[in-house]
Structures are given as C-alpha cells and as structure tokens.
Amino acid sequence: MDNPFSLRAYCATRRHLSGGNACAALLDVANAGPLAPEEYHHPSMEHLHLHFNNIASWGNDLHGIHTEAHEPDQNRNMVLLFAAQGHSLQEGIDYTARRVRDEIAAFQEEATRLERDASKELRGYISGMREWLMGDQDWADLVTHRYLAKFAEQDADDRGIQLASRGITTGAAPS
C-alpha cells in the first residue's frame, strides 16, 4: 500500500460508496409512505443517515477483513487503514468494532429522539433503517460466502472475473 487513504478521508468517502444512501432513499416508500421534504432533509435526519452509513460501511469492513486483506492495493478498509498507522491488525479490528458499536448507540439515541414526535411516515422510515441494518448484518453473517475465511484468497482478486464479464479470458487474473 504505497499511499493509503487517511482514516479521515476514508470515513468521508466510504459513507458515499457503501450503497447505503441508495437503499435509504427507498425506505420511506417501502414502509409507511413518502416523507415530507422538511422531515427527510431535517438536520437530525442528516445525522441519522450519517450513523446509518457508518454502521453499514464499517460493519462491512469487519466482515470483509479476511478477503480485503488479500486484495491487491487494498486501501479502503478501516481495519487495514488503522493498522497501517502503526497499529496491529487486532487493534484495527478492535478499533473498528468499537466505532461500529458507538455508531449503533448514536443511531439508536437519535432515532428514539426523532420517533417521539414523528409522523407515521417518519416512524416507518426509521423502522426501515433498523430493518435494513439488521438484514445487512444477517446477510453478512448467514448468507454470503464472501466473508468466510476459507474463501478469502480466491475471492480477493476479482480482476479475472471483470475481464471474463467482458468476454476476455486469460486463464488467470492479470498481475
């Protein structure tokens, strides 16, 4: 890793690349109906979205560490970035897990506060956020094989798959 992201730059970038924003954008329609713009764009909701994305992003980093540690030029994983700052890999895991727990607590506190005076639609939206986070966790823990250590090496380098999807076969991943 020649020039890894700084941890601060990673945190900002990862929130937007996690896919959480796209999923969150549909939660109101999928649950209790569309939110009013003043609810959706309220500063408290911005905080809730931030926590939502951090939980999803950093939880994924923990689940994917077996695989992502083997990926070429890996520089977008909080665990590995923290370790690259002179900490051990275990310290990176512990640091990231602590950050996820803190984000979950902050999400729950903000959500509970918002729900007190929320419209039916906003309560449905927040419920949808919780359900999505739980479903994402269940998917990572129970469904996908990507995060199993026994598949880490073979799943880490997907360059051959990318070429195959374009009709190019090389017999091996490019180096």
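Predicted model: local features only at pLDDT ≥ 70, side-chain atom pairs only at ≥ 80, totals over all residues.
Local features are given at pLDDT of at least 70, side-chain atom pairs count only at pLDDT 80 or more, and totals for chains, interfaces and linings use all residues. Residues are numbered from 1 along each chain as its sequence is written, and side-chain values use heavy atoms, without hydrogens and water.

**View 1. Glu-39 in helix H4 (residues 37–40).** Helices are DSSP runs of H or I with at least four residues, numbered from the N terminus. Glu-39 is buried and has no salt bridge, Arg-123 being the nearest side chain of opposite charge at 7.9 Å; buried means under 20% relative accessible area with a 1.4 Å probe, protein chains only, and a salt bridge needs a side-chain nitrogen of Lys or Arg within 4 Å of a carboxyl oxygen of Asp or Glu. Beyond residues up to four places away in sequence, Glu-39 touches Met-45, Ser-119 and Leu-122, where contact means heavy atoms within 4.5 Å.

**View 2. Phe-107 in helix H8.** The relative accessible area of Phe-107 is 2%, so this residue is buried. Leaving aside neighbours within four places in sequence, Phe-107 is in contact with residues including Leu-48, Phe-52, Ile-55, Met-129 and Leu-133. The C-alpha atoms of Phe-107 and His-49 are separated by 8.6 Å, although the two residues are 58 apart along the chain.

**View 3. The lining of the largest pocket.** Of the 18 residues that line the largest pocket, Ile-55, Ile-104, Leu-133, Met-134 and Gln-137 lie nearest its centre. Two or more lining residues come from each of helices H5 (43–63), H8 (89–116) and H9 (120–143), with H9 giving the largest share, seven residues. A pocket is an open set of points on a 1 Å grid over the protein atoms alone, where a 1.4 Å probe fits, with protein on both sides within 12 Å along at least five of seven lines, and lining residues have an atom within 4 Å of a point.

Key
Buried < 20%, exposed > 50% of the residue type's maximum accessible area, 1.4 Å probe, protein only. Lys, Arg positive; Asp, Glu negative; His and termini not counted.
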